[in-house]
Amino acid sequence: MRAVPLLPLLLGGWLALPVQADDAQDAINRLAKVDLSQSYQGTFVYERNGSFSTHKIWHRIADGKVQERLLQLDGSAQEVLRVGGLTECVSGTLEAGVANPAVSTARAFDVKRLSAWYDMKIVGKSRVAGRQTTIVALSPKDQHRYGLELHLDNETGLLLKSLLLSEKGQLLERFQFTDLDTASVLSDQVLKASAECKPVAVVKAKPEVSISPVAWRSDWLPPGFELSSSGVRKDPATQWRSDWLPPGFELSSSGVRKDPATQSSVTRLMYGDGLARFSVFIEAVKGSSSSDIRTQLGPTAAVSRRLTTPQGDMMVTVVGEVPMGTAERIALSMRSDDTPAKQ
């Protein structure tokens, strides 16, 4: 039997890795741009914690703006209409993960930044919604973030399927098209909201994210996560909203406290690594009713911990797309400016 030289095979494998990584980065760069240039319509499913929902989407590029209509097909008809990234009307409450999926092409992917914390490579081919796709894997380099598997359409570069995986390889969240049409011209009629879709106040997007000085810091953050916004809510009469909610979290109640004696401020800090995000909320504890919380819904962990500070007891809550152990460590690492940092 003729011996096969081993060294060329080994060298060939090593030399192929940078090319494969470059191909994966090119695919992700294409994904970041295609949503602003490609019109399409289709049906997709969203899965979290074993719960499925089905949705119809119409996505059109017109006059340099993205027009998008989402309609939930399960149960009562729930609808969202967005133009230029701003929500114009809603009906019911769509699954939060649909409006803010784990991977959204609206996010500005910084491939160079992501490559520091994720190994990116093409791992194979697949077929989704009758279309040929390339599978790109983003594998975390540590235990503080989740892995991601992207199935990208070979023809257009659109994301047809994404799987968010835990550190143990368990499925946390799935987004997947069942049919996709990129050839048909979308009419004004299909992008017209129904009568049940109620207009919402449009708040103009700020050109820059606000990072206001706050009296809190973290002694420890997962590598690669940076502060993206911060602020303090001081006036209860001020109207507040969230520009982002973790998948599965919905507004259950709201109100304004008018008694000055009961007013308290809430400090908010948001962090991200270019893909995953989490928020930290800090407020004074009133009475002894507050208790620690530790829960997870799909990829979203929520941890509350009571901390003793020179200003009194404070409740620190971490909510975001990070493993539970990471969220707990973040909560316990928060310090006020009056508290010495740990050595």
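Predicted model: local features only at pLDDT ≥ 70, side-chain atom pairs only at ≥ 80, totals over all residues.

Reader: How many bridges join S17 to S18, and which way do the strands run?

Author: Strands here are DSSP runs of E with at least two residues, helices are runs of H or I with at least four, and both are numbered from the N terminus. Two strands pair if DSSP finds at least two bridges between them. In this case, 9 bridges join S17 to S18, and the two run antiparallel.

Reader: Which strand is joined to S17 by 5 bridges?

Author: That is S16, which runs antiparallel to S17 (residues 300-309). Thr295 stands opposite Ala302 in S17. The hairpin of S16 and S17 has 2 residues between the strands, and Gly298 takes a positive phi near 60° there.

Reader: What is the order of the sheet, and which strands are at its edges?

Author: Follow the pairings across: S13-S14-S15-S18-S17-S16, an open sheet of 6 strands with antiparallel pairing. Strand S13 (226-233) and strand S16 (293-297) are the edge strands, each pairing on one side only. From one strand to the next, the twist averages 15°; axes are lines fitted to C-alpha atoms, for helices over the stretch in contact, and angles run from 0 to 180 degrees between N-to-C directions.

Reader: Which helix lies across S17, and how many residues of S17 are buried?

Author: Contact means heavy atoms within 4.5 Å. Helix H4 (residues 324-333) lies across S15, S16, S17 and strand S18 (312-320), at about 25° to S17. Buried means under 20% relative accessible area, exposed over 50%, and partly exposed in between (1.4 Å probe, protein chains only). In S17, 8 of the 10 residues are buried, so the strand is largely enclosed by the rest of the structure. Across the 343 residues of the protein chain, 45% are buried.

Reader: What is the volume of the second largest pocket, and which residues are closest to its centre?

Author: On a 1 Å grid over the protein atoms alone, a cavity is a set of points where a 1.4 Å probe fits but cannot get out, while a pocket is an open set with protein on both sides within 12 Å along at least five of seven lines; lining residues have an atom within 4 Å of a point. Grid points are joined across faces, edges and corners, and a volume is the space filled by probe spheres set on the points. Here the second largest pocket has a volume of about 200 Å³. It has 13 lining residues, and Ala215, Trp216, Thr267, Gln311 and Met314 are the closest to its centre. Strand S15 (residues 277-284) gives the most to this lining, with 3 residues.

Methods:
Residues numbered from 1 in each chain as written. Heavy atoms only, no water.
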